[in-house]
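Visitor: I would like to go through this structure step by step. Please start with the terms.

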Amino acid sequence: MKRLMTVFTFLSFLLLLVACSDTDASQNEKLELYMSGDTVESSALTKMAEKYTEETGVEIEIVDIPYDDLFTKISNKIRSNDVPALARVTGFEPIWKDHLLDLKDIAERHNVNTDYGVTFDGKLVAPPLDLTAVGMFINADLFEEAGVAYPTSDDDIWTWDEFIDSLEKVLEKTDAKYGMVMDDTENRLRAFLYQHGSDDFYEENGAYTTNSETKEAIQKFVDLNDDRIMPKSVWTAGEDAASMFKSGLVAAYMSGSWQIVDFTETITDFEWKSVYMPYEDVRSTNLGGNYLIAFDGSGQEEEAKEFIDWLYEKENYEELAKLGGYLPVIADAEIEYEYETEAHEIYENEIAASDPIASYERTELTKKQLISQSNANGTLFKEVKRILNKEIDIDEAIENTKKAYTDAYVE
């Protein structure tokens with residue numbers, strides 16, 4: 001009997017050691033943070049993750065996935081019950097819906113602007129990490145060489161027709177190769193459509209539709225891709241718009257606030273400036289940005305929330321926004337940007353002056369990606385690209401887009 005007790009005691013001791021060992025291993029496990037890297041934004045979050053490790057001893061492992069593969073990778077991890085702890089994303093897949101932690105208490109504690117977050121069933125599953133806005137950059141040297149003025153305040157903003165006339169003059173009087181480039185993405189195209197009076201694609205009587213201004217604006221965009229005002233190669237072949245602008249041979253570049261830090265550090269051959277965007281009917285930017293999410297089922301839920309809570313602390317968030325050149329989403333954040341404060345002021349003015357349509361893609365359509373059974377993200381871009389490649393006409397593109405949204409988002 002005494003021998004049996006001894007064996008039992010020994011086994012109990014071994015189990016205790018194993019349990020303690022598992023607990024220690026759990027505490028020392030790295031937190032995986034999935035995101036798609038880029039020069040500035042990825043670097044900013046990576047630096048903050050390193051700072052968190054220095055302060056807490058908890059290591060954040062950055063898993064850098066190419067953007068085109070990021071959503072698929074996360075979805076596959078969910079299907080295999082091997083979800084990461086954290087992710088920085090710009091959108092969602094329907095399969096994620098039941099696997100996201102509620103971060104509402106963290107957002108409220110740190111005065112995060114939840115208008116730009118994603119909420120459903122009373123849960124804030126995706127607070128905004130930052131705010132970006134579409135904007136216009138110019139090669140100021142080319143404009144000055146051509147003797148062409150550009151807006152220096154919001155009292156003298158171009159119409160789009162005036163802007164195109166200005167680009168024609170720059171092309172005539174300088175060695176510029178193209179008038180402008182625009183990133184090949186829906187986010188930039190939507191700003192262009194809004195500025196021409198488009199109401200985007202919206203649900204009405206059980207189906208998605210749009211207004212006549214959308215067709216007119218798409219036609220104008222197609223006409224501008226004439227290999228003089230705009231090069232076709234950006235939207236049809238994926239040529240890098242930023243590199244083309246950095247070459248010094250393009251007068252203007254429609255991109256966004258995330259470029260400011262990079263341009264300040266990398267453009268040395270000419271003077272660039274942020275300027276107010278032209279508009280024809282409605283003054284509007286298009287809002288975007290990243291979300292920071294934490295997954296249920298990672299086994300590291302509390303640790304993930306602790307990192308997010310730390311990141312939104314005022315001092316830490318201000319450092320993140322400064323490193324990334326972000327427009328802040330915390331109400332009382334005071335960002336002392338090292339570069340181009342005037343450019344950030346222009347973006348803040350653009351946001352404040354924009355029609356409410358400017359937030360439609362970020363709030364309404366992004367939420368649809370998560371709560372619907374399928375995803376129509378990217379449809380408009382693909383259809384406009386098909387127009388430029390002369391595969392379909394504008395009417396077909398609009399009908400295809402309306403159908404894709406209806407099939408994906410109307411129950």
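Guide: Buried means under 20% relative accessible area, exposed means over 50%, and partly exposed lies in between (1.4 Å probe, protein chains only). This is a predicted model, in which local features need pLDDT of at least 70, side-chain atom pairs count only at pLDDT 80 or more, and totals for chains, interfaces and linings use all residues. Residues are numbered from 1 along each chain as its sequence is written, and side-chain values use heavy atoms, with hydrogens and water left out.

Visitor: Is R228 buried, partly exposed or exposed?

Guide: The class follows from the relative accessible area, with cut-offs at 20% and 50%. R228 has 35% relative accessibility, so R228 counts as partly exposed.

Visitor: Which residue does R228 meet in a salt bridge?

Guide: A salt bridge is a side-chain nitrogen of Lys or Arg within 4 Å of a carboxyl oxygen of Asp or Glu. For R228 the N to O distance is 3.2 Å, and the partner is E168.

Visitor: How many residues apart in sequence are the parts that R190 and E361 tie together?

Guide: The side chains of R190 and E361 meet in a salt bridge at 3.7 Å, N to O. R190 lies in helix α7 (residues 186–195) and E361 in helix α15 (residues 360–371), so the pair ties together parts whose separation in sequence is 171 residues.

Visitor: In which helix do both E383 and R386 lie?

Guide: E383 forms a salt bridge with R386, with the closest N and O atoms 3.5 Å apart. The two are three residues apart, about one turn of the helix, and both lie in helix α16.

Conventions: Helices (H or I, at least four residues) and strands (E, at least two) are DSSP runs, numbered from the N terminus.
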